[in-house]
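Me: Please take a close look at one part of this model, the helix packing. I would like angles, distances and contacting residues.

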Amino acid sequence: MLFLQTLSNSRFTVSDIIQLLPDNIANQIAAGEVIQRPCSAVKELLENAADAGATEIRLVITDAGKALIQVIDNGKGMSGTDARMAFERHATSKIRNIEDLFRIKTMGFRGEALASIAAVAQVELKTKRAEDELGTYIEIANSEVSKQELCACAVGTSISMKNLFFNVPARRNFLKSNPAEMRHIVEEFIRVAMAFPTVFFSMTSNGQEVFHLESGSLKQRIVQILGSQYNARLVSVNEETDYMNIYGFVGKPETARKTRGDQYFFVNSRFIKSAYLNHAVSGAFDEMIAKDSFPGYVLYIDLDPSQIDINVHPTKQEIKFEDEKIIYAFVQAAVKHALAQFSIAPSLDFTLNPEIQGLDAISKPFTNDKKEAASSSGLFKTFTQKNQAHFIEGNNTGELKHWKDFFTTPGEEPQTSKQPQTPNPKRQTLQLVADTPLLQLHNTYVIASTTAGFLLVHQQLAHERVLYERYSLSAHGRQMPTQKTMFPVTLELAGADAAFLTELLPDLAVIGYQVEPFGNNSFVIQGIPADILAGNEKHSIELLIEQFKHFSSDITFSKREKLIRCMARQQAIKSGQALTQKEMLALAEDLFTCNSPNVTPTGSPTYLEFTKDYLDKMFGR
Ligand code: ADP
Ligand code: MG
C-alpha cells in the first residue's frame, strides 16, 4: 500500500523500485563535495566576487561562519533572471563549451557553488547591475526560492548565508570548534586577498574588524597580511618568458622560520598547494637557511591555462601542470636568480644541466642593464623549449617523509616507519648489572650491561619512548608538573597559526605547558613541562604548530595523541649529544620501566639486545 503510494508520487514513469531523488536532496548530496565547512563557502563567495570584477570585497562572519557568512562586493552584479538562474546546479556564466574549459581564467566555472550553498543554508541575495535602476532580492533555502522581488540596492552583489547546514544536522554536528573553523576561514580569506592585491578587502568577525586591507601593490598586501617584520626583508622575484611568468617575493634568509606558515603559491591568481614547487623554492635557498627552517614566500605563476588542469580536485587547490619539471626548474632558477641579484646568495650554484649553466644569464650575476636582455633571452628563454632537461629529483617530498625529516638531526638518516621489531622476542625483564658503568659510543649509542647480556641503546629513540609514555600518562589523568618560566616568553604568530595554537591550548596545558593568549595573535608562555630545558619553549611550540598543520588531516590519531607523539619526538635527547653517567643511567632505568621499552611509538627499535647465550654461540662456545 505504502509502496504503491510512493510510486504514484514519483514524477516519472513508474519503475519497480528505483526513484529519482527530489532536487533538494540531490543538491544536498552534491553540496557535500563543494561546501564541507564554513570556509568552503567563504572561498566560493569571495571568488565569485573577484570573478565579478569587484574592487571592494567585504566579508562578514558571525559565530565562525556557523550563524552567518556574508560577502558584499561592488562587482558587476546580476540581472533578475541571472540572479535566479545562478542558484541552479551547473549554472555558470563562465563556460559555454568544452573548449572554454581550457581557457578558463576565472576562479569558478563549475556552476555548483551557489546551488550547493542554497541547498544547505538560508540564503539572501541582493544584486544590481550598473545599468539597472532597481536590483533583485532573492530568498532561498533548502533549494527553494521563497521570495523574489525588486529592491533598491547598490551596484554589486551581497550574499548572506545563515545557519549553515540547518537542514543537515549530521553535518552541522560535524563542524569543529569556533577557533578551528575560524582558522580555516582566515586561511581562505588570506589566500584570496593575496591573489588580488589591487582589490580592497575587509573581514569582520562578530562585529569586530579583523582585516582591513587597502588596495595597493603586491608588496604592500604581503606586508599587510604577513606583518611588518617582512618590510625591507623581501626579495623580489620577477622573470618573464613566452611560456610562463613568475613574480612575487621571497623572504630574505633571516626571515626563515621554524614553521611553514608563510608559503604561498598562486597559479593564474589561484592559491595552490604543491609540495613539489615548495621543494623547488626551498632548494633555491639551499645552504642559506638552516635545514629545519622554512623560507617565506609569496609567488605567482601565470601561464597559459591550457597548460594546467585545474579540474583534478573538487575544491581546486591541487593542479596538474602539463610539464611539471619545467615549472620546477623555472621556479627554482627564478628564486636563485633573485637571491643572487640581491647579493644574498654567496655563489651561484645551479643544478641545471651544463649547457644551461654555461649561459651568461646564470654564470654571471645580474646587473640592471643585463637584466632586461636576459629576461627576453638567455636562461629563461630556454624554458620555452620543451625537454631542456634539468637535473630534477623525483617528487619524494610526501608529507610523511617531511614529518619524519623534521625531527632528524643533521647528518642522520630520516627514519622510515617500520613494523614494530622486537630485537629478542623472548626478552627477559630488563635489569642493569649493579655498579657497572655505562658506555656511550659516538654520542649516539649507550651500551648497558644487563643480567642476561648487554643492550645497545639508541639514545634518541629510547628517550622518545620514555617521553611518549610519560606524556601519555599525563594525558590520561596524571597532570605533568609545570615549571614557571622565569621571564615569560612572548610568541607572535601569523593569524592562521594563532588560531591554530588557540585550539591546542587545552591539550598543551595537560602536558604541562601554560600558554595564554595575549591579544593580537600573540601569546605568553608562562610555564613549561618540568623536564623541558628552559630557553627551548618558543622553538618547541613553533615546531608543534608546524607538525600539526601537516598532520591536521591525519585521522588515525586523536589530536591529543598527535600532540603527545610530536612532543615526545621533539623533546627527546638527540643523537650527537654527550651524556653523563648519571644521564645514561637515568635513561636506561626510565626505559626499562616503560610498557613497551623496545620500540618507538612509530615502530623503530629503541635498542638491540645481545644475550650472553647468543654471544657464546657466535664464538662457538
Ligand atoms: P561559478 O562561479 O562556477 O560559475 P557559482 O555557482 O559560484 O558558479 O555562480 C554561478 C553564477 O552566478 C556565476 O557564473 C556568475 O555568473 C553568477 N555570480 C555568482 N556570484 C556573483 C557575484 N558576486 N557577482 C556577479 N555574479 C555572480
Ligand atoms: Mg563560483
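Reply: **Helix packing**

Helix H3 (residues 38-51) packs with helix H5 (residues 113-120) at an angle of about 135°, and their axes are 10 Å apart. H3 is therefore oblique to H5 (under 35 degrees is roughly parallel, over 145 roughly antiparallel, 65 to 115 roughly perpendicular, and the rest oblique). The model is predicted, with local features requiring pLDDT of at least 70 and side-chain atom pairs pLDDT 80 or more, while totals for chains, interfaces and linings use all residues. Residues are numbered from 1 along each chain as its sequence is written, chains are lettered from A and ligands numbered from 1 in the order written, and side-chain values use heavy atoms, without hydrogens and water.

Helices are DSSP runs (H or I, at least four residues), numbered from the N terminus; axes are lines fitted to C-alpha atoms over the stretch in contact, with angles from 0 to 180 degrees between N-to-C directions. H3 passes H5 in a left-handed crossing (the near helix turned anticlockwise from the far one by less than a right angle; clockwise is right-handed). On the H3 side, Ala41, Glu44, Leu45 and Asn48 make the contact, and on the H5 side Ala113, Leu114 and Ile117 do (contact: heavy atoms within 4.5 Å). By class, the contact of H3 with H5 has 5 nonpolar, 1 polar and 1 charged residues (Ala, Val, Leu, Ile, Met, Phe, Trp, Tyr, Cys and Pro are nonpolar, Asp, Glu, Lys and Arg charged, and the others, Gly among them, polar).

Next is the pair H9 and H10. Helix H9 (residues 275-285) and helix H10 (residues 324-341) pack at about 30°, with axes 8 Å apart. H9 and H10 are therefore roughly parallel to each other, and H9 passes H10 in a right-handed crossing. H9 contributes Tyr276, Leu277, His279, Ala280, Val281, Gly283, Ala284 and Phe285 to the contact, and H10 contributes Glu324, Lys325, Ile327, Tyr328, Val331, Gln332, Val335, Lys336 and Leu339. This contact of H9 with H10 has 11 nonpolar, 3 polar and 3 charged residues.

The last pair is H17 and H19. The axes of H17 and helix H19 (residues 559-571) cross at roughly 60° and come within 10 Å. H17 and H19 are therefore oblique to each other, and their crossing is right-handed. Glu503, Leu504, Asp507, Leu508 and Val510 of H17 meet Lys559, Arg560 and Leu563 of H19. The contact of H17 with H19 divides into 4 nonpolar and 4 charged residues, with no polar ones.

Notes. Helix = DSSP H or I, 4+ residues; strand = E, 2+ residues; numbered from the N terminus.
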